[in-house]
Amino acid sequence: MTVTGLPDPDTMTEFYSDVPTKRAMAWVIDVIVIAILSLVLTPLTLFTSIFFFPLFYLCVGYAYRVATLARGSATWGMRLMSIELRDHEGRKLDLAAAFLHTTGYVVSVTVFPLQLISGALMLATPRGQGLTDHVMGSAAINRVAI
């Protein structure tokens with residue numbers, strides 16, 4: 001997919017400065033938030049989620065990521081790290097794009113070799129794009145100060 005609306009990483013380096021590191025820190029924050037949400041929601045399942053907690057955690061995380069990406073093009077962790085995802089035209093993600101990006105993320109995380117490829121791509125590409133970003137043409141950028 002051709003990336004047309006994203007800032008050029010060669011002439012606008014400030015948009016991509018430290019993004020891979022910020023994404024990693026945002027991911028840690030999101031893992032903690034999802035764990036807390038999963039624990040808080042467990043009583044609502046009458047504690048049956050204890051028996052399938054990894055699947056429950058995955059579902060809560062999926063809903064969390066879709067909702068936060070659709071609402072502001074960034075998870076809470078990304079917002080704390082001052083980064084956001086943009087589509088191939090430079091726009092914030094809508095619900096459909098958030099759903100697709102989250103689906104790609106879940107596939108990448110659950111299939112070990114894809115996880116390694118995605119991480120390597122984030123470190124090696126000019127825009128710091130992971131595997132899902134490459135497929136969708138999206139990229140994480142530093143938020144513009146308003």
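Which side chains meet in a salt bridge of 2.7 Å, N to O? Select Arg23 and Asp133: their side chains do. A salt bridge here is a side-chain nitrogen of Lys or Arg within 4 Å of a carboxyl oxygen of Asp or Glu.

Before going on, note that this is a predicted model, in which local features need pLDDT of at least 70 and side-chain atom pairs count only at pLDDT 80 or more, while totals for chains, interfaces and linings use all residues. Residues are numbered from 1 along each chain as its sequence is written, and side-chain values use heavy atoms, with hydrogens and water left out.

**Stop 1**

Keep the pair selected and show the helices. Helices (H or I, at least four residues) and strands (E, at least two) are DSSP runs, numbered from the N terminus. Buried means under 20% relative accessible area, exposed over 50%, and partly exposed in between (1.4 Å probe, protein chains only).

Now select the surroundings of Arg23. Leaving out residues up to four places away in sequence, Arg23 touches Ile83, Leu85, His101, Met122, Gly128, Gln129, Gly130, Asp133 and Ala140. Contact means heavy atoms within 4.5 Å.

**Stop 2: His101**

Move to His101, one of the residues that Arg23 touches. His101 is in helix 4 and counts as buried at 6% relative accessibility. Apart from neighbours within four places in sequence, the contacts of His101 are Arg23, Leu69, Leu85, Leu93, Thr132, Asp133, Met136 and Ser138. For a distance check, select Pro20 too: the C-alpha atoms of His101 and Pro20 are separated by 17 Å, and the two residues are 81 apart along the chain.

**Stop 3: the two strands**

Select residues 83-86, which form strand 1. In a regular strand the side chains alternate between the two faces of the sheet. Here Ile83 and Leu85 are on one side and Glu84 and Arg86 on the other, and all are buried.

Two strands pair if DSSP finds at least two bridges between them. Look for Leu85, which stands opposite Ala140 in strand 2. From strand 2, Ala139 and Ile141 point one way and Ala140 and Asn142 the other, and all are buried.

**Stop 4**

How many salt bridges does the rule give? The count comes to six. One of them joins the side chains of Arg86 and Glu84 (2.4 Å, N to O), and both of these residues are buried. Next, select Arg91 and Asp87, whose side chains meet in a salt bridge of 3.0 Å, N to O. Arg91 counts as partly exposed at 46% relative accessibility, whereas Asp87 counts as buried at 11%. Salt bridges that share partners also join Glu84, Arg86 and Lys92 into one network.

**Stop 4: the nonpolar core**

Select Leu69, Met78, Ile83, Leu85 and Leu93. Of the 13 residues in the largest nonpolar core, these touch the most other members. A nonpolar core is a set of buried Ala, Val, Leu, Ile, Met, Phe, Trp, Tyr and Cys residues joined through side-chain atoms within 4.5 Å. Helix 1, strand 1 and helix 4 (95-110) each supply at least two residues of this core. Centre the view on Leu93: beyond its neighbours within four places in sequence, Leu93 is in contact with Leu69, Ala70, Ser73, Leu85, Arg86, Asp87, Ala98 and His101.

**Stop 5: Val60**

Select Val60 in helix 2. Val60 counts as buried at 11% relative accessibility. Setting aside neighbours within four places in sequence, Val60 is in contact with Ile34, Leu37, Ser38 and Leu41.

**Stop 6: Thr125**

Finish at Thr125, in the loop between helix 5 (112-124) and helix 6. Is Thr125 buried or exposed? Thr125 is buried, with a relative accessible area of 18%. Select Thr21 as well: Thr125 and Thr21 are 104 residues apart in sequence and 13 Å apart in space, C-alpha to C-alpha.
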